[in-house]
Every structure is written in structure tokens, then in C-alpha cells.
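Here are my notes on the model you sent over, as numbered points. Have the viewer open while you read.

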Amino acid sequence: MDRFQEMHIFATVAQEQGFSSAARRLGLSAASVTRAVAALELRIGTQLLVRTTRSVHLSEAGQRYLEDCRRILAEVQEAEDSAAGSHAQPRGQLTVTAPVLFGDLFVTPVMAAYLAQYPDVTINAVLVDRIVNIVEEGIDVAVRIGDLPDSSQHAIRVGDVRRVICGSPQYFARHGRPKHPQELATAPVVATSATGQQRSWPFLDAGEAITVRPEPRLIVTANQAAITAASLGLGLTRVLSYQVAAKVAAGELEIVLADFELPPLPIHLVYQGGRKAPARVRSFIDFAVAALRQHPALLHELK
């Protein structure tokens, strides 16, 4: 088995966090995958993967080696594509990550349209409500909502979203429309304990930061459940504007307190490699940027 194949097997085991799942993905036996990683570790002279009875994870040396493996394998694939005259023809597997609801509403339609245009590409979509480490988890393209920390990764802004307070027309008919955020402290509220959500809701009042801590009647673990409950008239909720764009357009929800909102949050597509990124990554970035920038729900014009 050559070194490139060993590196590919190692990278797959690291991404799958298991030998059996990596073997299934590669179409190999679990024994051959185990032998390949063991041979690689023996030749290098250090342990790359820490095995327990329940999990497999990278050692410190393995994390560094994985980054180099992915870079080298990507460069080899790109060189072969270029030499074969297929530099402009994307192929291979693309791994994309996005928040669950954003991925469902916006990224999945983009992926479906992209795959229809590029039949030699397959996509592994990781839709999770947490910040995925692009390098450690083998991500090619990530959707990031919010300000980006400084990094060596490339990012393209595709839109903005607002943090909005909304409720149903039935709710406003019974309780009236709040005129100031402080009224939320005593209003019926549906809150979410989803990752990244806060129990205290910040606002701006004439440029001054204020915070309201509502007492929810219902706390749910998913934004979609909070939106459903608000649509049924149970109370007001605070979500991102893209999450309720369709219901606002249909008249099922209405936005209030827009004058007190924080500045919009940017949405970026983040990727590694820049011009050296594989053709499948560059083509997906171009495709997704064009599609997402045209979507009205990402232009923070929701009323």
C-alpha cells in the first residue's frame, strides 16, 4: 500500500472517528484499514490515533499530521485533474457544514441544484447547531452566521440576518403590540435553549445597550419549535430573521420592536485553500454565493 493511500485511509478514520465506519466509506475491510493505520504509525514512529473501547480520536501529533495529509492529498488531486485536462470539471466528495435550520432552508436547495449540474461530485452535509472545526473535521465549506474571528481561512459574505422579536396576529389581537423591549419582561414568551441562544435579550434604545430578561411560559430546545409555538399564538419569541421569513411573508407571524434591534449579523461562506482549493470547492463556492446573494430572506429587508 503506497503512502498516499495510507494517508487517505488515516484521514478517513479521523473524520469518521472509527475504523469500521471508515472501512464502509472506503469500501475496504476493517482489518485492512486497521493494518494501514498501524503501518503508518510504525513508519512515522508515533501514535496518531488514540483508541479506546468506545471511540477513536486524534493524538496531538495526529492533529498536526491530519492537516498536512489533507493539504497534500488535495494538492495531488488538483495536480492530477490539471494534468488530465479536467481542471475545470469538479469531481470527488465535498463536505459542507451549516446550522440545522439554515441548512434545511437554504443550503439544501443549493446543494441539490449544484449536484444536478455537476454529476461527478458527491456531498456530505454536516448540519449541526455548533461551530464545526473546519480543519479537524475535514470540512471544505462552512456557513458561519455572526462576526468572524481572525483566521487564515477565506470567507465570502453572502448576506445578513437580523435578531427579531415576532408573534402571531392572534397574539397581538389579545395582548397588543409592545412599544418598548422592557414590556417583554412581563409578556408571554416562548424561549429556546438551543446552542447560542441567551436567556437575556439585548437591544439598543437610542444607541444605548439595554437587556431584558423575560420569564418564558415555554422553553424548547429547538428554534423551529419556538417558531411553531409563536405561530400558534402562545407568545412572543426571538429568532433570526431568516428562520421566520416564510411565515412573515405568509402573514402567520409579525415582527415588532424593529427600531430596537441590534445590528444585523453577517453570513459568510468559509473555506480553505483560496485559489489552490480543489475545483469542486471553488465551483461550489461560486455556485452558492450566486444563489444565496439573490435570496430576499438574507438581505435583512424583512418587515
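1. Arg130 is partly exposed, at 41% relative accessibility (buried means under 20% relative accessible area, exposed over 50%, partly exposed in between, with a 1.4 Å probe and protein chains only). Its partner is Glu137, and the two side chains meet in a salt bridge at 3.1 Å, N to O. Here a salt bridge is a side-chain nitrogen of Lys or Arg within 4 Å of a carboxyl oxygen of Asp or Glu. Glu137 also counts as partly exposed, at 27%.

2. Before going on, some ground rules. This is a predicted model, in which local features need pLDDT of at least 70 and side-chain atom pairs count only at pLDDT 80 or more, while totals for chains, interfaces and linings use all residues. Residues are numbered from 1 along each chain as its sequence is written, and side-chain values use heavy atoms, with hydrogens and water left out.

3. How far can you trust the coordinates, going by mean pLDDT? The chain averages 89, and 92% of its residues reach 70 or more; pLDDT is the predictor's confidence in each residue, from 0 to 100. Confidence is lowest in helix 4 (residues 60-83), with a mean of 81, and highest in strand 13, at 97.

4. For the overall picture, the chain has 9 helices and 14 strands. These elements are DSSP runs numbered from the N terminus, with helices being H or I of at least four residues and strands being E of at least two. Along the principal axes, the C-alpha atoms fill a box of roughly 70 × 45 × 35 Å. Of the 303 residues, 46% are buried.

5. Look at the contacts next (heavy atoms within 4.5 Å). Among those between residues at least 6 apart in sequence, 75% join residues at least 24 apart.

6. How many salt bridges does a search of the whole structure find? The count is 10. One of these is Arg162 with Glu261, where the closest N and O atoms are 2.7 Å apart. Arg162 sits in the loop between strand 6 (154-161) and strand 7 (163-167), and Glu261 in the loop between strand 13 (254-256) and strand 14 (265-271), so the pair ties together parts that are 99 residues apart in sequence. Both Arg162 and Glu261 are buried.

7. Arg51 and Glu41 make another pair, with 2.9 Å between the closest N and O atoms. Arg51 is in strand 1 (residues 49-51) and Glu41 in helix 3 (residues 30-44), so to speak distant parts of the chain, 10 residues apart.

8. Two backbone angles deserve a look. Ala206 has phi near 55°, a positive value in a residue other than glycine. Ala206 lies in the loop between strand 9 (201-205) and strand 10 (208-212) and is exposed, at 78% relative accessibility. Leu257, too, is a residue other than glycine with a positive phi, near 60°. Leu257 belongs to the loop between strand 13 and strand 14, and at 9% it counts as buried.

9. Where is Glu252? Glu252 is in the loop between helix 8 (241-249) and strand 13, and it is partly exposed at 36%. Leaving out residues up to four places away in sequence, Glu252 touches Gly167, Ser168, Pro169, Ser231 and Lys247. Glu208 is 44 residues from Glu252 along the chain, and their C-alpha atoms are separated by 31 Å.

10. Last, Ser20. This residue is in helix 2 (residues 19-26) and is partly exposed at 44%. Ser20 and Phe10 are 10 residues apart in sequence, with 12 Å between their C-alpha atoms.
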